[in-house]
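User: Here is a model to go through. Please take the aromatic ring contacts in turn.

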Amino acid sequence: MRIDDFDYTLPQELIAQRPSEQRDVCRLMVLNREKGSVDHKRFYDILDYLQAGDCLVMNNSKVLPARLFGEKEGTGAKIEFLLIKRLDGDRWETMVKPGKRLKPGDSVSFGENFSAKILDYGEDGTRIVEFFYEGIFMERLEELGKMPLPPYIERESTVEDRDMYQTVYCKEEGSVAAPTAGLHFTEELLKKAEAKGVRLAYVTLHVGIGTFRPVKCENVEDHHMHFEEYEVDEKTAQMINDTILAGGRIVSVGTTSTRTLESAAYMDEISGTFLVKAGAGSTGIFIYPGYQFKVVEALITNFHLPKSTLLMLISALYNRDQILKAYEIAVTEKYRFFSYGDAMLIE
């Protein structure tokens with residue numbers, strides 16, 4: 001299977017540069033796998049496709065204001081940091097730009113009493129850095145950092161992004177990109193789903209550097225995912241497992257929730273079915289056509305980049321030809337693509 005098998009043509013003007021004015025009024029394309037049908041709705045119509053007894057599983061990871069702009073001490077050179085992962089204490093793995101200017105021993109100042117020292121080189125050109133500051137680190141980061149919008153959003157982040165690039169249910173800090181399928185939900189919509197008899201479950205997967213990395217291999221099978229940390233607590237696992245054992249559907253919100261659920265799945269010998277194990281872990285699961293899903297039965301997602309692992313994942317849930325046909329329709333109908341774009345339900 002080749003990477004070119006997951007390519008499609010996307011006009012630049014269809015890449016959403018800003019969020020919808022209201023989260024749940026974006027467009028929703030509904031793909032019914034059994035009927036082979038394609039329907040065009042609004043996101044608030046998602047309630048029509050959720051049934052009593054379903055379990056809606058969402059990723060409650062919170063995006064850090066992980067972009068920092070500073071100056072190299074001694075030269076005044078302009079430096080940009082993108083925090084990737086907290087290692088321990090005040091040590092972080094960080095992407096730096098321009099990379100050639102920063103070597104172990106160099107220091108960067110980001111404001112009064114807030115600086116970082118380069119300790120070592122990391123993987124794929126990153127740096128291991130240690131921060132020095134007064135006060136509480138996360139409060140200083142909120143004060144000085146900016147939201148890490150993806151590179152295809154060709155503008156600087158604004159105050160609006162502080163709110164709109166987070167889900168309404170975000171809780172656990174640690175991501176450098178939003179789990180974007182969840183951006184469309186409002187608190188009111190979730191309350192209506194719950195009132196309808198839909199269970200609401202929350203897992204955590206912190207979105208890491210892999211979301212910015214293109215697939216460079218010609219053969220899909222040769223690609224290796226970056227590992228990301230996830231957690232499923234006892235209450236959530238019980239809720240999901242109760243749904244499965246009762247014959248309800250697991251409806252995953254986004255590819256990150258999907259990867260969490262499939263990573264935590266195990267075969268239960270008593271029931272003879274796949275259930276979800278509670279606990280924390282690290283996953284590098286790579287889902288592409290040929291993969292047999294263990295837990296997830298339906299998926300709410302956004303429209304993804306050409307040749308991306310995310311496009312491969314949704315092609316595994318349906319099939320590549322049908323997904324690419326749906327993307328052709330989306331282009332013709334001028335859907336908005338990527339993080340701030342429109343949504344798709346595969347049921």
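Analyst: Rings of Phe, Tyr and Trp (its six-membered ring) pair if their centres lie within 6.5 Å; planes under 30 degrees apart count as stacked, over 60 as edge-to-face and the rest as tilted. The model is predicted, so local features need pLDDT of at least 70 and side-chain atom pairs pLDDT 80 or more, while totals for chains, interfaces and linings use all residues. Residues are numbered from 1 along each chain as its sequence is written, and side-chain values use heavy atoms, without hydrogens and water.

User: How many aromatic pairs does this rule count?

Analyst: The rule is the one on ring centres within 6.5 Å. By it, the count of aromatic pairs is 23.

User: Which class does the pair of Tyr8 and Tyr327 fall into?

Analyst: The ring centres of Tyr8 and Tyr327 are 5.0 Å apart. Their planes stand at 75 degrees, so the pair is edge-to-face.

User: How many residues apart in sequence are the parts that Tyr8 and Tyr327 tie together?

Analyst: Helices (H or I, at least four residues) and strands (E, at least two) are DSSP runs, numbered from the N terminus. Tyr8 lies in the segment before β1 (27–32) and Tyr327 in helix α7 (residues 320–332), so the separation in sequence is 319 residues.

User: Which residue has its charged end over the ring of Tyr335?

Analyst: A charge sits over a ring if NZ of Lys or CZ of Arg is within 6 Å of the ring centre and within 35 degrees of the ring normal. Tyr335 belongs to a cluster linked by ring pairs, with Tyr8 and Tyr327 among its members. The charged end over Tyr335, 4.0 Å from the ring centre, is that of Arg27.
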